[in-house]
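Trainee: Please guide me through this structure one feature at a time, giving the general idea before each case.

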Amino acid sequence: MTLLSILLSLALAETPAPPAEPTPVAEAAPEAPESAALPTPDELAPWQRSFEGRVTPESPHYDLEVLYFQEKHDEGLAESEKRRAADPSDVDLYWMSARFLFEIGERFERDDTTIDKEAHYQRMIDVAEAGLELAPEHAHLYFARGIGYGRLGTTRGVLASLFMAKDVEKSWVFTAKSDLKYASIGDKEYLPCDAHQALSIYYRLVPDWWIVGVIAGTRGDLQKAMDHGKEAITCAPNLIRGMKEYGVAQVCYGQKKKSPEVLEAGLDTLRAALPLPVRKETDRVDLRHVQMLIDDPSLACEYSRDGQQDLDESKLEK
């Protein structure tokens, strides 16, 4: 897909009305090459849909928003931390720092020894919680806090991190139910839509076992996983990450509940993600994973972008 076609499609998408189920794609489009350039903010801006919460040049710390769009996450983190040290009362700098930390962590596989991922995500949590001390009802900070705890959990393993599950759920439910409206340049972060996507992952990966309810005070729910997945793509259509996670939830549900119709609908959703435009580097990873999941749907229930989770109930009971 060319840059022009991406921008024209954005221009025509002022008030998208997505179908109840994504339309199947007859033949998967080739994955965008690694060298394909993302549009610049100036190229994208004239075609951006305008609504409350859309980042504009008048938005606070617009230069940091541009660095996030350009995926210069190390530079963005250094600058946001510098400003936060100079003005610790600026709440926006806390979620911006936390977001840069998350994106930096996503570069590394779970078993990469060049980074201490647990310490990295704990730093992200600490930054978000420091911001929440200043603004206890700040939905963007709650989202960042939940992401930090969620990634710390998948790094350690879901079953080893159930004590954190309630905090993760609380953070994302708070954001999803809030009146926050936010979309970064190029829709690389889109709230509350991304909070619904996160909850879809949460309710799929946390097992629906009675013992989990006892330990964590919450448990998984595949119907909720599908409901939040659908809410995410209704809220923010045509994003690879949202389509991927909704499709994964459907495929998992179809297998666990022995529903061939839902399983096939999930595969259709995954196929529909393949020709969507790449907006961020992790989209390229997601496209590879989408094809992997189409080729082997049995991976769906334990799937996480940073590596498969071990959800063997016998290990929890020991």
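Mentor: Let us begin with a loop. Glu71 lies in the loop between helix H3 (62-69) and H4; helices (H or I, at least four residues) and strands (E, at least two) are DSSP runs, numbered from the N terminus. Glu71 has a positive phi of about 60 degrees, although Glu71 is not a glycine. The model is predicted, so that local features need pLDDT of at least 70 and side-chain atom pairs count only at pLDDT 80 or more, while totals for chains, interfaces and linings use all residues. Residues are numbered from 1 along each chain as its sequence is written, and side-chain values use heavy atoms, with hydrogens and water left out.

Trainee: Where is the cis peptide bond?

Mentor: The bond from Leu191 to Pro192 is cis, and its omega is near 15 degrees. Pro192 belongs to the loop between strand S2 (190-191) and helix H9 (193-205).

Trainee: How many helices and strands does the protein chain have?

Mentor: The protein chain has 15 helices and 2 strands. Its 318 residues include 54% that count as buried. Contact means heavy atoms within 4.5 Å. Among contacts in the protein chain between residues at least 6 apart in sequence, 69% join residues at least 24 apart.

Trainee: How should I read a nonpolar core, and which residues of the largest one touch the most other members?

Mentor: In soluble globular proteins, nonpolar side chains tend to be buried together. A nonpolar core is a set of buried Ala, Val, Leu, Ile, Met, Phe, Trp, Tyr and Cys residues joined through side-chain atoms within 4.5 Å. Here the largest nonpolar core has 82 residues, of which Met124, Phe143, Trp172, Tyr202 and Leu270 touch the most other members. Helix H5 (residues 92-105) contributes the most to this core, namely 9 residues. A second, separate core of 5 residues includes Ala183, Tyr190, Cys193 and Ala236.

Trainee: What does Met124 contact beyond its neighbours within four places in sequence?

Mentor: With those neighbours set aside, Met124 is in contact with Ala98, Leu101, Phe102, Ala144, Ile147 and Gly148.

Trainee: How is the packing of two helices described?

Mentor: Two packed helices are described by the angle between their axes and the distance between the axes. Axes are lines fitted to C-alpha atoms, for helices over the stretch in contact, and angles run from 0 to 180 degrees between N-to-C directions. Helix H4 (residues 73-86) packs with H5 at an angle of about 155 degrees, and their axes are 9 Å apart. H4 is therefore roughly antiparallel to H5; angles under 35 degrees count as roughly parallel, over 145 as roughly antiparallel, 65 to 115 as roughly perpendicular and the rest as oblique. On the H4 side, the contact residues include Leu77, Ser80 and Arg84, and on the H5 side they include Leu93, Phe100 and Ile104. By class, the contact of H4 with H5 has 6 nonpolar, 4 polar and 5 charged residues. In this classification Ala, Val, Leu, Ile, Met, Phe, Trp, Tyr, Cys and Pro are nonpolar, Asp, Glu, Lys and Arg are charged, and the others, Gly among them, are polar.

Trainee: At what angle do H5 and helix H6 pack?

Mentor: H5 and helix H6 (residues 117-134) pack at about 165 degrees, with their axes 9 Å apart. H5 and H6 are therefore roughly antiparallel to each other. Among the residues making the contact are Ala98, Leu101 and Phe102 of H5 and Tyr121, Met124 and Val127 of H6. The contact of H5 with H6 has, by class, 10 nonpolar, 4 polar and 2 charged residues.

Trainee: Is Leu267 buried or exposed?

Mentor: Leu267 is buried, because its relative accessible area is 9%. Leu267 sits in helix H13 (residues 260-273). Its C-alpha atom is 8.4 Å from that of Leu293, 26 residues apart along the chain. Leaving aside neighbours within four places in sequence, Leu267 is in contact with Val251, Leu293, Ile294 and Pro297.

Mentor: Gly266 is also placed in helix H13, and Gly266 counts as buried because its relative accessibility is 0%. Gly266 and Gln250 are 16 residues apart in sequence, and their C-alpha atoms are 4.6 Å apart in space. Not counting residues up to four places away in sequence, Gly266 touches Gly247, Gln250 and Val251.

Note on methods
Buried means under 20% relative accessible area, exposed over 50%, partly exposed in between (1.4 Å probe, protein chains only).
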